[in-house]
Amino acid sequence: MGKLFIAGEMFHGAGSLQELKNIKGSKAVIVTGGSSMKKSGMLGKAIAYLEEAGLEIKTYEGVEEDPSSETCFKGAELMKEFQPDWVVGLGGCSAIDAAKMMWVFYEHPDADFDAMTVPFKVPTLRNKAKFIAIPSTSGTGTETTGLAVITDREKGVKYPIVSYELTPDIAIVDGEICESMPAHVTSNTGLDALTHCVEAYVSNIEDNYADVLAKGGLEIVFNNLKEAVKNPNNIVARQNMHDASFMGGLAFNNAWLGIVHSLSHQVGALYGIPHGASNAIFLPNVIRYNAKATERFRDLAKVLDKETAEDLAQAVETLRAEVNNQAAIKDFGISREDWDKNLDFIANNAFLDPCTGFNPRKPTVQELKDIYNACYDGLVFVENN
């Protein structure tokens, strides 16, 4: 017997933000990032819709990129004072992921962050509040996943907190919210969505529902990402990419991810490389590495009217170039000396990352180092044996 894990309710399409008018409750805390949602007017709209529904509102603004555990503790303190029955994450994945963990610490003030880095150790939620996710970027799919990625600044490690307890109760996938997203963010997040589709499809958990969503999401990304980057006011392309992001998130929420994410989590935490950008660098070489363990890349290649895993890897590289993304880790200004100094640290952390357990091929630390080194220089990964 299987179970499909998905946001409790999902509303999508341009203008679907107004569904907030129908929320039943008394208080809500809206968690958001910097100033983009305020400048675009979307934060004001969300507040107005919730107030029209009769809710009292407080906001927590200023969630940073790659949110820290400290930020989550601070937001939880506001919630403990205000006692909301709804927590709303509005913005990019950082805002929504932080809101998820604020929700955890609001309901469980004594919860141990380190203990929750072990998959499925988040305590039972919804004792005090429910959760609404409203993404402004089209990449992570966090609006339908049991995942929050949080950084421990002291350790320099990015942790994926994995638990179906974190799956939102309501997801609102409104392409109009993305209209102000800059081109480089559109590019990075779109390639992140693509990575989710690929990794979910080839993971060691096979699921018919995840497979269909992954294939469909991949096709939508290849058909719409370039247009969304080039013409940001094209709401059709925006909504299509937003839908592809949700589809990729729903796919990996049920089949999980692989070592592309294990590798990316480390360089994001240590060097601040945008997650989608690092995913797009690692993905082609991980396809080449994993092709020895699965034939399923051929299925994805066929979606693009291609045949082999190598064809798929090259198609990703072509798309990456067409949307102006970097092809090598060194392009982010990381010196070879600094890279070599930290290579053992990040490779060992990648090996221990929860995503590694779902990869179709079990890697060694040395193999992860080899992939890292090829991607540092922007080279094609070739195995030694």
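Modeller: A residue is called buried when its relative accessible area is under 20%, exposed when that area is over 50%, and partly exposed in between. Please keep in mind that this is a predicted model.

Biologist: How many residues of helix 4 are buried?

Modeller: Helix 4 is mostly covered, with 14 of its 15 residues buried. The helix runs over residues 93-107, and from its first C-alpha to its last it reaches 21 Å, close to the 21 Å expected at 1.5 Å a residue.

Biologist: Which residues touch the most other members of the largest nonpolar core?

Modeller: A nonpolar core joins buried residues of nonpolar types through side-chain atoms within 4.5 Å. In the largest nonpolar core, which has 72 residues, Leu194, Phe282, Ile287, Trp339 and Tyr372 touch the most other members. At least three residues of this core come from each of domain 1 (9-177) and domain 2 (181-377). A second, separate core holds 31 residues, among them Ala99, Trp103, Phe131 and Ile150.

Biologist: What does Phe282 touch, not counting residues up to four places away in sequence?

Modeller: With those sequence neighbours set aside, Phe282 touches Val260, Leu263, Ser264, Val267, Ile329, Tyr372 and Cys375.

Biologist: Let us turn to the backbone. Where do Asp66 and Gln83 lie?

Modeller: The general idea is that most residues other than glycine have a negative phi. Asp66, although not a glycine, has a positive phi of about 50°. Asp66 lies in the loop between strand 3 (56-60) and helix 3 (69-82). Gln83, found in the loop between helix 3 and strand 4 (86-91), also has a positive phi, near 60°.

Biologist: Is Asp66 buried or partly exposed, and is Gln83 buried or partly exposed?

Modeller: Asp66 has a relative accessible area of 22%, so it is partly exposed. For Gln83 the value is 40%, and therefore Gln83 is partly exposed.

Biologist: How should I read the largest pocket, and which residues are the closest to its centre?

Modeller: One reads its volume and then its lining. About 980 Å³ of space lies in the largest pocket. Of its 46 lining residues, Glu65, Gly92, Cys93, Ser94 and Thr137 are the closest to the centre. Elements that give two or more residues to the lining include helix 1 (36-39), strand 4, helix 4, strand 6 (147-152), helix 9 (259-271) and helix 10 (275-290).

Biologist: Which helix gives the most to that lining?

Modeller: Helix 6 gives the most, with six residues.

How values were computed. Residues numbered from 1 in each chain as written. Predicted model: local features only at pLDDT ≥ 70, side-chain atom pairs only at ≥ 80, totals over all residues. Heavy atoms only, no water. Buried < 20%, exposed > 50% of the residue type's maximum accessible area, 1.4 Å probe, protein only. Domains from an automatic or database assignment. Contact = heavy atoms within 4.5 Å. Helix = DSSP H or I, 4+ residues; strand = E, 2+ residues; numbered from the N terminus. Expected span 1.5 Å × (residues − 1). 1 Å grid on protein atoms, 1.4 Å probe; cavity = no way out; pocket = protein on both sides within 12 Å on 5 of 7 lines; lining within 4 Å. Points joined across faces, edges and corners; volume = space filled by probe spheres on them.
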